[in-house]
Amino acid sequence: MRIAFISTPFLAVPPRLYGGTELVVHELCEGLVASGHDVVLFATGDSRTNAELRSLYLEPQWPPEMLSDLNHVSWAMQQVADDGRFDLIHAHSAVALACGRLLPTVPLVYTIHHERDERLSAFYRHCQEVNYVAISNDQRRREIPLDHVEVIHHGLDPANYEWSPRAAGDHVAFVGRFSRVKGPHSAIEAARRAGVPLHIAGEIHPPDESWASAELRHRLNESHVSYLGSIGLEEKRPLLRDARALLMPIEWNEPFGLIIIEAMLSGCPVVAFGRGSVPELVENGVTGFVARNIDEMAALIRPGGPVDDFNRERCRQRAVLRFSRARMVADHVAMYERIRRSSPVSFPGSARTSLIPA
């Protein structure tokens with residue numbers, strides 16, 4: 001197949017540090033190219049890919065802003081129309097749902113990367129002919145009913161992650177955006193109660209500045225905390241390989257959480273609160289543990305506790321089976337082929353005259 005992949009204009013593919021959507025785009029593109037498909041990636045000019053790369057913006061347009069996204073996606077759609085040989089478009093920006101109305105002959109796939117957002121859900125009601133990908137069953141259940149939607153879990157290349165039969169360090173780890181919903185403050189508290197060191201990596205984004213100033217910055221100076229800053233794969237690989245556990249005391253319904261499968265592929269147990277996709281992804285006692293609160297999390301990671309008897313080889317094997325790049329690519333190819341075999345459908349708005357209430 002000849003497939004157009006439309007990433008965001010906000011970060012490179014793959015991202016240098018933070019960037020879950022762009023990492024998934026990278027894994028899909030690389031896997032599809034390796035499988036013999038003809039992939040054109042529309043992304044920033046500093047992206048690295050084995051697909052054909054086309055770029056409107058040479059550098060990432062950060063922080064995210066609507067007009068740069070609209071400019072990037074509409075330009076990519078024009079490129080697809082001018083080319084005239086694509087079998088399918090796979091977009092990772094909601095802007096593409098509106099732009100797709102101008103290109104009704106090429107099937108459009110769109111991956112929902114976010115938690116439920118009422119503004120976007122109202123928009124999706126007008127875009128029922130698009131083929132949606134939900135990244136977890138939990139995310140799909142929370143979203144509005146969609147006519148064409150399939151759940152496909154993320155996957156990563158296991159070769160990018162290292163594991164060992166036993167943790168080399170005495171520390172636990174936290175990796176993620178420094179916001180209240182991600183729970184870095186709770187990870188620090190759980191490690192303190194357990195009496196173990198915490199290696200914490202991440203950064204504060206502008207919307208979280210006031211919360212972080214009040215609730216987090218002073219905690220990063222606690223004696224059991226080692227602050228690593230924002231890290232990429234090269235730093236993440238040994239951190240997860242050597243950590244006794246990854247902590248995820250989330251306070252929101254996480255749609256997926258790539259760090260979960262990065263830890264599992266490193267043989268590192270995930271100790272998380274059971275919100276969002278966590279119960280769907282973490283197999284209790286096999287790839288991690290689900291805790292109800294900070295006290296339970298502390299008990300699980302305390303020296304001599306369950307994480308010290310954890311079978312890291314079994315964790316790695318189970319993660320490769322469930323969350324490899326090969327499995328994710330195979331699931332997408334099967335979906336693409338079903339879409340191609342189905343009868344052509346019009347894009348939203350092409351023949352619809354009635355208005356759907358928001």
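The model is predicted: local features need pLDDT of at least 70, side-chain atom pairs need 80 or more, and totals for chains, interfaces and linings use all residues. Residue numbers start from 1 along each chain as its sequence is written, and side-chain values use heavy atoms, without hydrogens or water.

**Helix α13**
- Buried residues (under 20% relative accessible area, 1.4 Å probe, protein chains only; exposed is over 50%, partly exposed in between) in α13 include Arg 325, Met 328, His 332 and Tyr 336.

**Aromatic pairs**
- Rings of Phe, Tyr and Trp (its six-membered ring) pair if their centres lie within 6.5 Å; planes under 30 degrees apart are stacked, over 60 edge-to-face, the rest tilted.
- The count comes to 10 aromatic pairs.
- Tyr 18 and Trp 62 have ring centres 6.4 Å apart and planes at 70°, so they pair edge-to-face.
- This pair links distant parts of the chain, 44 residues apart: Tyr 18 lies in the loop between β1 and α1, Trp 62 in the loop between β3 and α2.
- Tyr 18 is partly exposed at 36% relative accessible area; Trp 62 is partly exposed at 43%.
- Tyr 110, Phe 123, Tyr 124 and Tyr 132 form a cluster linked by ring pairs.

**Charge over a ring**
- The charged end of Arg 2 sits over the ring of Phe 86, 4.4 Å from its centre (cut-offs: NZ of Lys or CZ of Arg within 6 Å of the ring centre and within 35 degrees of the ring normal).

Methods. Helices (H or I, at least four residues) and strands (E, at least two) are DSSP runs, numbered from the N terminus.
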